[in-house]
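Trainee: Could you walk me through this model, one step at a time? I would like to learn how to read it.

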Amino acid sequence: MASERRLRIKTLVMVLSMVVCANAGDLLLKRGMAQIGAVGLTAHGIAQAFRLTIASETIWLAIFFLLGFMASYMTVLSWADYSYVMPAGAFGYAVLTFLAVVFLHESVSPRRWVGVVLICVGVLLVGQTKPRTTEVASEVAA
Amino acid sequence: MIRVIVGLAVLILGSTGGEIAITHGMKSTGEPAQLRPRAVLQFLGRAVRNGWFLVGVPLMALSFYSLLLLLSWEPISLVIPASALSYVVGTFGAKYVLREDVSVARWAGVVLVCIGVALVAAG
């Protein structure tokens with residue numbers, strides 16, 4: 001029972017880490033690319049954008065968060081079901097909508113709110129199930 | 001129309017196939033003994049050398065390029081909601097390829113998330 005509880009807690013922590021890192025990475029990437037401006041689809045334009053991209057601290061911070069997302073995703077999949085982690089990760093869509101309303105004061109259509117409610121209910125339903133239903137290789141000493 | 005259907009099939013099957021291959025690789029690598037940064041980094045180092053990881057990444061790259069192509073052909077309000085089908089396809093993959101026990105509650109949750117993501121993406 002204690003191991004089941006521990007499994008749930010560490011899975012929840014990793015899924016939250018995935019959601020936070022993915023959202024932070026996407027937002028920073030968007031801000032970084034907005035600072036660079038529209039990329040011209042010519043050899044010169046792409047080369048110029050590449051130089052600006054690798055010089056941008058915001059883009060590097062975004063990459064750091066996206067690597068954090070990938071690390072959390074790979075780690076949680078080492079013990080939890082794919083069919084548990086995949087829908088749970090969609091909670092990020094709901095979080096992003098709330099953030100857009102609270103911080104960016106964006107207006108959100110009723111259809112989008114219905115989508116957010118469905119995602120939250122769906123994630124709650126998946127969250128009620130056991131995070132792991134298959135055999136996992138024994139723990140590997142690090 | 002045919003090229004959009006083929007593009008969507010490549011997008012969904014590529015992302016799902018890639019993620020299933022990576023999941024298989026992670027499971028065969030074994031979970032990290034501790035969730036400390038050093039132990040997790042060592043675990044990730046072992047994981048990226050796993051053959052299944054090397055199968056999964058190109059499939060996900062293929063999926064990403066098909067997404068770019070689809071976005072150049074069709075509006076985002078069609079492409080992203082349609083790609084939400086990957087939640088359902090992924091759950092079938094989890095059940096029949098990874099042999100996960102997908103309960104009725106989990107199926108119901110996945111279907112709700114799939115519809116929800118499509119509605120949020122469609123705006």
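Trainee: What percentage of the 142 residues in chain A is made up of buried residues?

Mentor: Good place to begin, but a word on the ground rules: this is a predicted model, where local features need pLDDT of at least 70 and side-chain atom pairs count only at pLDDT 80 or more, while totals for chains, interfaces and linings use all residues. Residues are numbered from 1 along each chain as its sequence is written, chains are lettered from A and ligands numbered from 1 in the order in which they are written, and side-chain values use heavy atoms, leaving out hydrogens and water. Buried means under 20% relative accessible area, exposed means over 50%, and partly exposed lies in between (1.4 Å probe, protein chains only). Of the 142 residues in chain A, the buried share is 38%.

Trainee: How many helices and how many strands are there in chain A?

Mentor: Helices (H or I, at least four residues) and strands (E, at least two) are DSSP runs, numbered from the N terminus. Reading along the sequence of chain A gives α-α-α-α-α-α. The count is therefore 6 helices and 0 strands.

Trainee: What is the radius of gyration of chain A?

Mentor: This radius is taken over C-alpha atoms, and the globule rule is 2.2 Å times the number of residues to the power 0.38. For 142 residues the rule gives 14 Å, and chain A is well over that, so it is more spread out than a compact globule. The C-alpha trace spans about 60 × 45 × 25 Å along its principal axes. The radius of gyration of chain A is 19 Å.

Trainee: What area is buried between chain B and chain A?

Mentor: Buried area is the accessible area (1.4 Å probe) that two parts lose on being put together, summed over both. The contact, meaning heavy atoms within 4.5 Å, takes 48 residues from chain B and 46 residues from chain A. In chain B, Lys27(B), Glu31(B) and Arg106(B) lose the most area to chain A, together 21% of what that side buries. Carbon and sulfur atoms give 69% of the buried area, which is about 3,900 Å².

Trainee: Is Asp81(A) buried or exposed?

Mentor: Asp81(A) sits in the loop between helix H3 (57-77) and helix H4 (82-89) of chain A. Leaving aside neighbours within four places in sequence, its contacts include Lys130(A) and Arg132(A), as well as Lys27(B), Glu100(B) and Arg106(B). With a relative accessible area of 0%, Asp81(A) is buried.

Trainee: And is Arg99(B) buried or exposed?

Mentor: Arg99(B) belongs to the loop between helix H5 (86-96) and helix H6 (104-122) of chain B. Although Arg99(B) is not a glycine, it has a positive phi of about 60°. Its relative accessible area is 61%, so Arg99(B) is exposed.

Trainee: Which residues does Leu29(A) touch, not counting those up to four places away in sequence?

Mentor: Start from helix H1 (residues 2-36) of chain A, where Leu29(A) is placed. At 29% relative accessibility, Leu29(A) counts as partly exposed. Its C-alpha atom is separated by 7.1 Å from that of Thr58(A), 29 residues apart along the chain. The residues that Leu29(A) touches are Ile59(A), Ala62(A) and Leu66(A).

Trainee: What separates the C-alpha atoms of Trp73(B) and Val111(B)?

Mentor: Trp73(B) is found in helix H3 (residues 51-73) of chain B. With a relative accessible area of 30%, Trp73(B) is partly exposed. Trp73(B) and Val111(B) are 38 residues apart along the chain, and their C-alpha atoms are separated by 27 Å.
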